[in-house]
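Good morning, and thank you for joining this group meeting.

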Amino acid sequence: MKEQAKSMLWAMAVLASLAAFLIGATQRRSAELGLETEAIAEGRGTLIAGLDDGLQIGDSEYFYQLMTLLDKWYVDGVEDEQKLAIGAVRGMITSLADPSSSFFTPEQFQAHLDRRQGRYSGIGAEFTFDFDAQELERLRARSNDINALMLIPELRVTMVAPGSPAERAGLRAGDVITEIDGRALISSRDVRNLQDLQKRVAEGKADRLDLEKAREEFRTRYDTNIPAGRGREKLITGTGKTLKVSWRRGDESMAKEMTTALTKVKAAEAEGEAVRLRFITGAEKEAERLARRSSVTLDLRGSGEGDLAVLQSVLEVIAAPGPFGEVLDAKESPPRPLVVEKGTPNPPKLNLLVDSTTRGAAEIFALALSSRGQAK
């Protein structure tokens, strides 16, 4: 293993300790579900990982020995150490269970920047990690009894670009991705359903054969699963590749093949009496034209995450000057005022069309203007 890679892995081992309790909890819960993990040994009986609660090994040593084990025994050999390092960092960030924190590969980050320009690669959709609300609250409260398997998120669609492969396949905002190319996206919902069935069997309210069948189905999906972050990467990057995507809408399951492509959307489009506005490059110019009207109806539904810098520019040309609220960050530092410095003295009256798909910059825009009475 290269010395540079070793140094990187030792540094990451410090971060790995933050997720140690989640790893242990996951192992115990796997045993409860009948998905016991075999012990991993390196050399002559040196135990690296197992379900034994009495296992004594430092986090740094655990992490480094596991990497050494893969380097020595992985069937094809470990030729790309950077890929292993990236996977480790992705797992650490995922273990934080923070819907607002994501790990991006260079390709994903470029796709993120492109979306701010109105260019969607992949299947042409946006996604969020949807965590179990109850367990997420317990994590934030630093509870000592966290069920790590209840913190495996669903991959939920938040926006579908018009004219995209996703739209043509029938995907909608609110749908949950369950499988990509035959590889399952396991979530806390799957675990909860299995645990609920176990409870009903124990109470004599369900047949044990149904439990065995459910366990086998879960095991099959578990053995072929990919993390939600990896699934999102497949769906938002690249062009010209065919993906078979399965998703759930309520109790209904659907599946379609989609060929990834580049989809371009406009910052503003007239739709009858309304103007659909997206907070991407070009929205400022459209806002300048709208500011000359006496009243405007803006459709902010399904407009995407948007760009906060564009949001500020749009407010400067379509809103009256003055304070519009405060922005709080996660570290509880002093709030940052949201202020329109110049603005327009006689702004148009705005009617805003919103729903559960109005998020990101569009949601802030709606809250800011409605708080000042400039929009309803």
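The protein chain holds 13 helices and 16 strands; helices (H or I, at least four residues) and strands (E, at least two) are DSSP runs, numbered from the N terminus. Please bear in mind that this is a predicted model, in which local features need pLDDT of at least 70 and side-chain atom pairs count only at pLDDT 80 or more, whereas totals for chains, interfaces and linings use all residues. Residues are numbered from 1 along each chain as its sequence is written, and side-chain values use heavy atoms, with hydrogens and water left out.

Of the 376 residues in the protein chain, 42% are buried; buried means under 20% relative accessible area, exposed over 50%, and partly exposed in between, with a 1.4 Å probe and protein chains only. The chain exposes about 20,900 Å², of which carbon and sulfur atoms supply 49%; accessible areas come from the Shrake-Rupley method with a 1.4 Å probe, and for residues only the protein chains shown count as cover. Among contacts with a separation of 6 or more, 66% join residues 24 or more positions apart, contact meaning heavy atoms within 4.5 Å.

Let us turn to one of the sheets. Four strands form an open sheet with mixed pairing, in the order β11-β12-β13-β16; two strands pair if DSSP finds at least two bridges between them. At the edges are β11 (268-271) and β16 (349-353), each of which pairs on one side only. From one strand to the next, the twist averages 30°. Within this sheet, β12 (residues 274-277) and β13 (residues 295-299) pair in the parallel sense over 3 bridges, and R276 stands opposite D299 in β13. Helix α11 (residues 283-290) packs on the sheet and touches β11, β12 and β13. The direction of α11 makes about 155° with that of β12; axes are lines fitted to C-alpha atoms, for helices over the stretch in contact, and angles run from 0 to 180 degrees between N-to-C directions.

Which residues touch the most other members of the largest nonpolar core? They are F279, L298, L300, L350 and F365, in a core of 35 residues. By nonpolar core I mean a set of buried Ala, Val, Leu, Ile, Met, Phe, Trp, Tyr and Cys residues joined through side-chain atoms within 4.5 Å. At least two residues of this core come from each of β12, α11, β13, α12 (308-318), β15 (336-340), β16 and α13 (360-371). Helix α13 gives the most, with 6 residues. Leaving aside neighbours within four places in sequence, L298 is in contact with V275, L277, L290, L350, N351, L352, L353 and F365. Apart from this core lies another, of 28 residues, including F129, L139, I146 and I236.

I move now to strand β5 (residues 154-160). Six of its 7 residues are buried, so β5 is largely enclosed by the rest of the structure. Strand β4 (residues 125-130) pairs with β5 in the antiparallel sense over 6 bridges, with A125 opposite V160. Strand β6 (residues 176-180) also pairs with β5 in the antiparallel sense, over 2 bridges, and there the bridge partner of R156 is V176.

Helix α10 (residues 228-236) is likewise largely enclosed, because 7 of its 9 residues are buried. These are A228, G229, G231, R232, E233, L235 and I236. The cover over them includes α4 (81-95), α5 (106-115), β4, β5, β6 and β8 (242-249). After α10 comes G238, whose phi is positive, near 80°.

Two residues other than glycine also have positive phi. For R142, in the loop between α6 (133-140) and β5, phi is near 60°; R142 is exposed, with a relative accessible area of 72%. For D181, in the loop between β6 and β7 (183-184), phi is about 50°, and D181 is partly exposed at 40%.

Finally, I come to T259, in strand β9 (residues 252-259). T259 is partly exposed because its relative accessibility is 41%. Beyond its neighbours within four places in sequence, T259 is in contact with P165, G240, K241 and T242. The side chains of T259 and T242 make a polar contact at 3.3 Å; a polar contact is a pair of N or O atoms within 3.5 Å, where within protein one must be able to donate a hydrogen and the other to accept it, and residues adjacent in sequence count only if both atoms are side-chain atoms. T259 and A166 lie 93 residues apart in sequence and 9.0 Å apart in space, C-alpha to C-alpha.
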